[in-house]
Amino acid sequence: MSEVITEKKQTIFSGVQPSGKLTLGNYLGALRNFTLLQEDYNCVYCVVDMHAITVRQDPPTLRRQTLEVLAQYLACGLDPAKSTLFIQSHVPAHAELAWILNCFTMFGEASRMTQFKDKSQRHSDNVNVGLFTYPVLMAADILLYQTDKVPVGVDQKQHVELARNIAQRFNGTFSDTFVIPEPYIPREGAKIMSLQDPLRKMSKSDENANGFILLMDKPEDIMRKCKRAVTDSDTRVVRGEGKDGVNNLITIYALATGKTPEEVEAEFAGRGYGDFKPAVGEAVVELLRPIREKTEDLLRNKDYLESVYHEGAQKAAYQARKTLDKVYRKVGFVQR
């Protein structure tokens with residue numbers, strides 16, 4: 001009788017800030033793909049509350065938004081039986097490994113991180129050391145779980161590169177300890193743009209609230225934002241150079257309905273933006289309706305949410321401890 005060899009699943013890690021405000025761009029560019037990834041990968045998904053405090057937070061708000069993000073993850077289709085879902089601060093190994101990795105990160109590497117420069121300008125009254133070193137904590141998040149792939153937007157590749165550099169430096173100093181992670185960038189819908197400035201990525205930090213759609217937005221708000229979306233003077237619903245706003249709306253409509261961009265253009269041939277924008281709004285409303293309703297149900301069931309993040313933290317801590325023990329032994333710490 002021949003032996004059946006089961007191939008070990010690769011590990012994917014992703015962390016999200018507990019802003020409580022996940023956008024349509026977050027969903028179409030990442031979260032929707034996460035539900036597919038959990039079928040083929042060992043998925044570890046984390047609400048990174050430790051990263052959040054690099055800027056001042058209101059404690060009750062941070063606690064509430066942490067649970068909101070976890071609920072939205074579940075509402076988007078992540079299954080605790082298939083994925084590890086937890087809160088970062090519940091697994092102390094993240095902070096422990098981050099200190100070790102700080103000692104294997106060059107000052108010049110950390111100072112070149114573009115998000116440090118950006119956040120230092122936006123929070124000039126609070127340029128703290130955590131803001132400078134948080135990419136190293138991010139590297140610890142990734143490397144703790146022997147991560148093979150990290151789903152990131154194009155603008156986040158720099159953080160994965162830093163994690164790779166640190167891992168290679170550590171492995172070269174001692175011996176193979178960490179898996180060298182690779183960025184995982186979805187081919188389609190990886191970058192949903194602002195509805196008001198289609199040259200910029202959709203972001204909840206946009207000063208113009210009409211530029212982004214939140215997963216928890218009410219239907220009437222979604223419709224209003226889509227109707228106000230920036231387009232151009234050419235009323236044809238076709239993709240083209242210089243038609244960034246229309247290109248973005250076609251992408252959103254295609255992803256929301258499961259149609260190809262070519263099918264969208266054919267559907268609206270001979271029709272103008274007056275027909276197209278409301279259609280985009282209606283498609284997004286129907287796409288997000290079950291997510292909003294399920295999130296609201298989950299937030300009313302605090303006991304269930306607590307069971308999810310407790311069990312997730314136990315699973316994550318077990319995996320993390322194996323890596324941390326190996327690291328401690330390599331650097332010469334006495335076994336505890």
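**Aromatic pairs, strands and cores in a predicted model**

In this predicted model, 14 aromatic pairs are counted, where the rings of Phe, Tyr and Trp (its six-membered ring) are taken to pair if their centres lie within 6.5 Å, and where planes under 30 degrees apart count as stacked, over 60 as edge-to-face and the rest as tilted. One of these pairs, formed by F13 and Y145, is stacked, with 5.8 Å from centre to centre and 5 degrees between the planes. Because F13 lies in strand β1 (residues 11-16) and Y145 in the loop between α7 and β4 (149-151), the pair ties together parts that are 132 residues apart in sequence; here helices (H or I, at least four residues) and strands (E, at least two) are DSSP runs, numbered from the N terminus. Both F13 and Y145 are buried, a term that means under 20% relative accessible area, with exposed meaning over 50% and partly exposed in between (1.4 Å probe, protein chains only). The rings of F34 and Y73, by contrast, have planes at 75 degrees and centres 6.4 Å apart, so this pair is edge-to-face. Since F34 belongs to helix α1 and Y73 to helix α3 (residues 59-75), the pair ties together parts that are 39 residues apart in sequence, and both F34 and Y73 are buried. One aromatic cluster is formed by F104, F170, F174 and F178.

Residues are numbered from 1 along each chain as its sequence is written. Local features need a pLDDT of at least 70 and side-chain atom pairs count only at pLDDT 80 or more, while totals for chains, interfaces and linings use all residues, and side-chain values use heavy atoms, with hydrogens and water left out. The pLDDT, which is the predictor's confidence in each residue from 0 to 100, averages 90 for the protein, and 93% of the residues score at least 70. Over residues 1-5, however, the pLDDT is below 50, and this stretch has zero contacts in the model beyond near neighbours in sequence, a contact being defined as heavy atoms within 4.5 Å. Where pLDDT is low, the predicted coordinates should not be read in detail.

Strands are said to pair if DSSP finds at least two bridges between them. Strands β1 and β2 pair in the parallel sense over six bridges, and V16 stands opposite V47 in β2. Strand β2 (residues 42-47) is in turn joined to β3 by five bridges, and these two strands also run parallel. The bridge partner of C43 is S83 in β3, while Y45 stands opposite L85 in β3. Five of the six residues of β2 are buried, so this strand is largely enclosed by the rest of the structure. Strand β3 (residues 83-87) is likewise largely enclosed, because five of its five residues are buried. In a regular strand the side chains alternate between the two faces of the sheet. Both faces of β3 are covered, with S83, L85 and I87 buried on one side and T84 and F86 buried on the other.

A nonpolar core is a set of buried Ala, Val, Leu, Ile, Met, Phe, Trp, Tyr and Cys residues joined through side-chain atoms within 4.5 Å. The largest such core has 60 residues, and those with the most contacts inside it are L24, Y27, Y45, Y73, F276 and L288. Helix α12 gives the most to this core, with eleven residues. Leaving out residues up to four places away in sequence, L24 touches M202, I213, L215, I252, V284, L287 and L288. Another core, of 38 residues, lies apart from it and includes L97, V136, M138 and A320.

Helix α10 (residues 244-257) has 14 residues, and its end C-alpha atoms are 20 Å apart, which agrees with the 20 Å that it should span at 1.5 Å a residue, the expected span being 1.5 Å times one less than the number of residues. The helix is mostly covered, as ten of its 14 residues are buried, among them V246, L249, I252 and Y253. These buried residues of α10 pack against α1 (24-40), α11 (261-267) and α12 (273-299). Just after α10, G258 takes a positive phi of about 80 degrees.

In the loop between β5 (182-184) and α9 (219-227) is found F212, which counts as buried because its relative accessible area is 8%. Apart from neighbours within four places in sequence, F212 is in contact with T23, M202, S203, K204, D206, D217 and K225.
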